[in-house]
2 protein chains.
Amino acid sequence: MSVIYQRVALIGLGLIAGSMALAMRRAGLAGEIVGYARTAATREKAAEIGFCDHVYDSIGAAVTGADLVVLCVPVGVMGALAAEIAPYLAKGATVSDVGSVKRAVIDAVGPHIPDGVHFIPAHPLAGTEKSGPTAGFAELFDGRWCLIVPDDGADAAAVAKIESLWQGMGSKTDRMEADHHDRVLAVTSHAPHLIAYTMVGVADDLARVTDAEVINYSAAGFRDFTRIAASDPTMWRDVFLNNKDATLEILGRFTEELFALQRAIRKGDGAHLHDYFTRTRAIRRGIIEAGQDTDVADFGRVHGENPGESTAEDK
Amino acid sequence: MSVIYQRVALIGLGLIAGSMALAMRRAGLAGEIVGYARTAATREKAAEIGFCDHVYDSIGAAVTGADLVVLCVPVGVMGALAAEIAPYLAKGATVSDVGSVKRAVIDAVGPHIPDGVHFIPAHPLAGTEKSGPTAGFAELFDGRWCLIVPDDGADAAAVAKIESLWQGMGSKTDRMEADHHDRVLAVTSHAPHLIAYTMVGVADDLARVTDAEVINYSAAGFRDFTRIAASDPTMWRDVFLNNKDATLEILGRFTEELFALQRAIRKGDGAHLHDYFTRTRAIRRGIIEAGQDTDVADFGRVHGENPGESTAEDK
């Protein structure tokens with residue numbers, strides 16, 4: 001793989017930026033990778049672990065001379081950051097982002113982009129429940145989709161170039177219109193996250209079942225929800241506030257369906273339940289056949305003596 | 001480890017029975033392990049793979065001479081099977097089960113147990129989304145809890161003996177009263193399963209987002225739900241029908257909380273969302289520290305080129 005961008009500036013140094021830096025290095029896609037983060041602690045940690053070639057204390061210094069600037073911050077602050085970087089953007093440079101919501105980001109960032117600078121939003125569908133500068137790893141994007149969301153007037157060469165970057169980092173890429181993206185993600189990500197957060201919150205709040213019981217006996221299903229509900233609170237607050245309509249629409253459908261299943265339980269309608277549960281099995285099969293998850297039982301989790309203990313000391 | 005039971009009869013030859021057979025063999029806990037399943041195809045498959053020492057076509061023949069009989073079938077058929085095996089049970093033998101619900105099983109099975117036979121219900125909190133005679137593996141119970149649910153009059157020696165068996169198979173054991181068990185599991189397992197089933201069903205049913213989109217872009221959270229929603233439909237139908245009140249109570253709490261979060265989204269109340277999401281993170285930490293899940297990011301899922309493809313041919 002050859003160098004695609006001469007200088008890539010990553011704004012925000014968390015899980016996604018860290019994985020990008022490692023994946024770009026792995027394939028030699030960038031001449032130089034530089035970074036900036038708002039908080040001094042994050043910058044110091046990033047510099048210490050060699051997150052990228054140089055960590056700047058000033059966002060302007062990071063952006064200056066970059067031919068690609070990627071906003072890797074919560075969706076809610078992207079507009080303000082775009083305003084900050086605008087004066088430093090070079091003609092012909094590309095600004096992109098990795099936000100989980102696209103319409104709100106386009107509305108917030110777009111107006112700040114100077115003439116002659118390309119703005120090509122993107123969203124890699126990859127992540128873990130970890131966050132912060134040490135959370136990244138080079139393989140995060142391998143085999144996962146990255147959705148590119150250019151507007152109608154976008155420069156074809158600039159779009160193709162960022163697609164090559166994502167492909168070079170291991171992703172499969174697809175193009176999607178912003179509003180459609182937000183509807184698809186409301187189903188595949190935003191509503192499931194809110195539901196997982198809700199269930200975990202309910203469990204934490206019960207008087208008749210203790211926290212110790214919830215924690216000890218979580219292996220029967222609940223713990224999968226807790227992984228999702230351990231995701232970064234700021235990032236997710238911003239997702240819900242910025243993809244309000246689509247998320248609320250899916251949640252409306254969800255509660256409607258949940259009420260129907262609750263009624264089936266109350267009435268003892270076993271046939272309704274069995275039919276429903278049989279149908280949902282097929283979707284899992286489709287996801288595995290599409291290469292979007294492992295077919296190994298229980299995600300390939302280690303089953304052995306206290307799998308958590310070996311790493312608990314790391315925290 | 002030495003032999004605890006001379007002849008163990010497993011009734012129902014699926015994931016749990018298969019894992020028990022392998023775990024008992026690993027530690028040499030049983031003199032002989034025999035099995036019975038209702039359908040001929042399951043019996044043939046089990047015999048072919050050496051599931052246990054002998055697979056019987058007759059439930060009576062399997063049970064005869066056993067000092068431990070374990071019902072490893074969906075909760076809804078346990079009563080009928082108990083009636084079938086009753087004439088063949090030896091004095092001093094123990095009958096147990098592995099059902100996810102305990103009060104309904106006790107009510108259904110208890111009346112059929114002859115005098116002089118011990119009935120000691122149990123529930124191993126372990127499983128995967130796979131089912132059938134080939135799904136079992138010896139490590140399934142390692143480090144996981146098995147809840148033993150004896151009634152007040154249970155024989156202390158018989159209870160201690162089945163506890164030793166589960167410990168020998170790798171489990172940690174605890175004792176719990178039946179109704180409390182059903183309330184705890186409604187939170188840690190039954191409600192989360194119904195919620196996952198519901199979300200997957202909703203996604204399958206959307207007109208504006210295609211199934212291909214749901215499947216391809218599932219990595220952003222949804223696919224964790226599909227694993228849970230791929231669990232055995234018959235088993236889960238029976239769980240909900242037999243732990244109706246506790247499950248409906250938790251689902252009521254869940255919808256109440258979900259409505260509050262939906263309102264926060266609609267009103268743009270970011271502080272409410274952020275506080276809620278911060279609180280739920282702590283529960284994940286508790287589960288990892290208690291050794292009930294791995295701390296490795298994303299469950300330690302393989303991130304690489306199409307992780308599903310390598311095993312898709314096995315199906």
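This is a predicted model: local features need pLDDT of at least 70, side-chain atom pairs count only at pLDDT 80 or more; totals for chains, interfaces and linings use all residues.

Q: Why is B:R144 called buried?
A: B:R144 has 25 other C-beta atoms within 10 Å. The label buried needs 20 or more, so B:R144 is buried.

Q: Where is B:R144 placed in chain B?
A: B:R144 is in the loop between strand 7 (122-124) and strand 8 (145-148) of chain B.

Q: Why is A:E249 called partly exposed?
A: A:E249 has 16 other C-beta atoms within 10 Å. A residue is exposed at 12 or fewer and buried at 20 or more. The value 16 lies in between, so A:E249 is partly exposed. A:E249 is in helix 11 (residues 244-267) of chain A.

Q: What makes B:I11 stand out in the largest nonpolar core?
A: The core has 214 residues, and B:I11 is one of those that touch the most other members. Leaving aside neighbours within four places in sequence, the contacts of B:I11 include B:Y36, B:I59, B:V69 and B:L81.

Q: How many residues of chain A are in contact with chain B?
A: 110 residues of chain A are in contact with 110 residues of chain B. Helix 7 of chain A gives the most to the side of chain A that touches chain B, with 19 residues. By class, that side has 52 nonpolar, 30 polar and 28 charged residues.

Methods: Residues are numbered from 1 along each chain as its sequence is written. Chains are lettered from A and ligands numbered from 1 in the order in which they are written. Helices (H or I, at least four residues) and strands (E, at least two) are DSSP runs, numbered from the N terminus. A nonpolar core is a set of buried Ala, Val, Leu, Ile, Met, Phe, Trp, Tyr and Cys residues joined through C-beta atoms within 7 Å. Two residues are in contact if their C-beta atoms, placed from the backbone, lie within 7 Å. Ala, Val, Leu, Ile, Met, Phe, Trp, Tyr, Cys and Pro count as nonpolar, Asp, Glu, Lys and Arg as charged, and the others, Gly among them, as polar.
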